Amino acid sequence: MILVGIDSIEIERIKKAMTNTRFLQRFFGKDEFLQLEKRNFKPESVAANFCAKEAFLKTFGKGLGDVELSKIQLLREAGGKPYLKVNNVDFLEKYSKINFSVSVTHTREVATVIVFAEVLEIGWIDRYKYG
């Protein structure tokens, strides 16, 4: 089963949120924060990372209030390829195995992220529903 979530956000909106010193500490995980710090907290990078959290949640039909956003981190490999690191997200427990793919882009005004989730195996409780 393939699930898809997409989100876009205006970079100016994130610039305004970044004026609140708690914004970065509240919504971004430790590894994510360190990578953003290395990028000097560029608003387009921060916007893309925030956008990834919303796209991830939309992939599963969830909203911003359903999980602590710092548990969903958009990280980048040494070559720049983005990937998701997700820790202790309760609603994922029903899936036995799942792979994620993420695509990130931005202009001067907008950041957009698409998250693909490939569910390879669903826990026994949901086999009836999906299968």
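Leu24 is buried because its relative accessibility is 12%, where buried means under 20% relative accessible area, exposed over 50% and partly exposed in between (1.4 Å probe, protein chains only). The model is predicted, so local features need pLDDT of at least 70 and side-chain atom pairs count only at pLDDT 80 or more, while totals for chains, interfaces and linings use all residues. Residues are numbered from 1 along each chain as its sequence is written, and side-chain values use heavy atoms, with hydrogens and water left out.

**Leu24**
- Helix α2 contains Leu24.
- Beyond neighbours within four places in sequence, Leu24 is in contact (heavy atoms within 4.5 Å) with Phe33, Phe41 and Val46.
- Leu36 is 12 residues from Leu24 in sequence and 9.5 Å away in space, C-alpha to C-alpha.

**Fold**
- The protein has five helices and five strands, taken as DSSP runs (H or I, at least four residues; E, at least two) numbered from the N terminus.
- From the N terminus, the order of elements is β-α-α-α-α-β-β-β-β-α.
- Of the 131 residues, 40% are buried.

**Nonpolar core**
- A nonpolar core is a set of buried Ala, Val, Leu, Ile, Met, Phe, Trp, Tyr and Cys residues joined through side-chain atoms within 4.5 Å.
- The largest one has 34 residues, and Phe23, Phe28, Val46, Phe50, Phe56 and Leu84 have the most contacts inside it.
- Helix α4 gives the most to this core, with nine residues.
- Leaving aside neighbours within four places in sequence, Phe56 is in contact with Ile72, Leu84, Val86, Phe91, Leu92, Phe100 and Val115.
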